[in-house]
Amino acid sequence: MIGTVLCYVLLPAARLLQALRDAFSTCQKNVLLAKSPSTQIEGVFAATTGRSVPEEQEALLQQWLEEEVGNLPASESLPAARKVSVTLTSAWLEGSELLMTSLSDLNTSPEVTQCADQQLSELNTLASSELQDHAVAELARLPAEETVTVAGSAPWAAVVPQTDHQTAGCDGVNVEVLNDDPAVLAWSLACDAETVPPLLPAQPIQDAVPFYPVPTEVPYHEILWRDWEDLSVQPCVLEQVSKNTSVFEFRVMSYNILAQDLVEQGLDLYVHCHPDILSWNYRLPNLLQEIQHWDPDVLCLQEVQENHYWEQLEPTFKEMGFACFYKRRTGTKTDGCAVCYKHSRFQLISLSPVEYFRPGLDILNRDNVGLVLLLQPVLPEDLGLKAVSPLCVANTHVLFNPRRGDIKLAQVALLLAEIDKIARTTEGSYYPVILCGDLNSVPDSPLYKFIRNGELSYHGMPAWKVVSGQEDFSQQLYPRKLLAPLWPSSLGVTDKCQYVTLCQPKKPGRREYSRDFLLQFRFCDVACERPPQLVLLEGVTDAKPVASAREHSAVTAILKRHNSLSFLGKQYLFVCRCSGVIQHGLNLTSVYSHFLPHRGRPEVTTMPMGLGATVDYIFYSAEPVENKAGECSSRRLYKDGALKLLGRLSLLSEDVLLMANGLPNPFCSSDHLCLLASFGLEISSL
């Protein structure tokens, strides 16, 4: 019977109270059977004050007498029953009162309520270890998720991974509930301090037998803890830094902060999140606290909602010492990109917003944007006659659609052309460049390889493959393929990702040719020869113009007279652009290696629908290294040049984020992780 009472501890409150009353009634009956002869028991029940014994109760009593007397061994049951009977006969009501009292009387009886805790305490004392183990096993069979309601908060689904539960004493109802709002803790912690997140105070639950479940609050600040990787201690970096005694150190952060409008438009993507942690009022303090904790000098943000930027973010960033610039996406979109820098560390030289939308071009018909800034580092006055190179910082968020890799490639090419214009020096070289953003492409994609290796042969490539890793559309019967040229010449961007006016400057004294003059060469041999790499399209590129003998002789005469083919530059440019290869000369490499060697898993920066992927990057200028003799590799090797990578904030793997219920969670208030890197820019003497 005692084991039965312990197991009843696990039942809901309403059923629990009913079960306890039945158990105590049985206990009282067993005591009376053990201590008194049959006639005495019958007399006690018959002598109930003011009450007549119904026939049903007499039949039940007779059944008890027949079944229980033979089932009570003298060596085991009687001693236990005598111990319990001492308390029952002294503290509880008379046996007749207990057995005949209705449930409503028990609910309102102060005597029963006052004595219930004492009875249950003695029953727990008599329980054997085997019965306690049985109770624990029964508790383990309960559902893994229970909804616990905390006063003043919404219900929270608490995950219960452990089964080592404990029962507590019965002096009072004191149930320890789970903390449904761990909030952000680690950003405010010192790097070497270890703080345990506070637990909510115990909350009483009416009509429940008290027990203490094991606290199961997810230690977010421990699971999602990210280490700072100091790369300045590596021998290759030390050797390079030792040549120049001083460098201008600064930190750059790239962060997709998840626009609130996009959250509300795609709630299906965040069904794993409690609604409270998706609200902007909850997420904004977390985001600001995280940014303030890492204290970057340059901040590149994506998915910044316009009204939140002007009303909340920009005023806050200005108080933190930032100068801010914002570019909203074109069309009806409400979010955009922002670049902020500390005016105590940098001064603005030039600013260039980039809009990828071009009316009438299918390859550029989306509303994504970017920002390109040229900043001048501010050196301390005590350095004297020292100089440091300007720094070009670019930030963008390209199209997400996994099927339209052609649009992504054109957007990146347009951004690189803008960087080429801003970062190019008068000597033809480039200032150091840092490119941040959400590129919606994974590290093994052709788009990533194009940025890092500086070249991509795209002709005939399926459009989805340019963003390989987001989705696999290889099973499509008729996938969209990229054809050369990827964009028309009217865009004014060459296949080297340069603006035409920049890559072909006018030379002094260069001859000017009229349209009528150039039309005379439309039937020359160069114009009538189809380039071998040009795609053969029936009715388009298979037709060869036929010139009359008179026109052909006129062209030949003109060529001999001018002895120059410079005016055919447009024709040669057309032939070059039809090769299906695009290039750039910025020599960019990634801050991150995209692999965690100590865990043997890839890094991830986001987890859409529970699947980890890397789509956020920080690229920076480096110097290419020639491959060794005999080595043939399509991956370009780099070493640090004037801009040196000194450190970075480590990323996490997919399994770690799954332990924290993915992104966003109560600790990280975006569906992306922030990227942070420390750089050193060489300081030279004037």
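## The Asp-297 to Arg-345 salt bridge

In this predicted model, Asp-297 and Arg-345 form a salt bridge whose closest N and O atoms are 3.3 Å apart (a side-chain nitrogen of Lys or Arg within 4 Å of a carboxyl oxygen of Asp or Glu). Asp-297 lies in the loop between helix H14 (280-294) and strand S5 (298-305), and Arg-345 in the loop between strand S7 (335-342) and strand S8 (346-355), so the pair ties together parts that are 48 residues apart in sequence; helices (H or I, at least four residues) and strands (E, at least two) are DSSP runs numbered from the N terminus. Asp-297 is buried at 9% relative accessible area, whereas Arg-345, at 22%, is partly exposed (buried means under 20%, exposed over 50%, partly exposed in between, with a 1.4 Å probe and protein chains only).

## A bridge within helix H16

By this rule there are 13 salt bridges, and one of them joins Glu-418 to Lys-421, with 3.0 Å between the closest N and O atoms. Both residues belong to helix H16 (residues 405-423), where, being three residues apart, they are separated by about one helical turn. Glu-418 is buried, with a relative accessible area of 6%, while Lys-421 is partly exposed at 39%.

## Basis of the values

Residues are numbered from 1 along each chain as its sequence is written, and side-chain values use heavy atoms, leaving out hydrogens and water. Because the model is predicted, local features need pLDDT of at least 70 and side-chain atom pairs count only at pLDDT 80 or more, whereas totals for chains, interfaces and linings use all residues.
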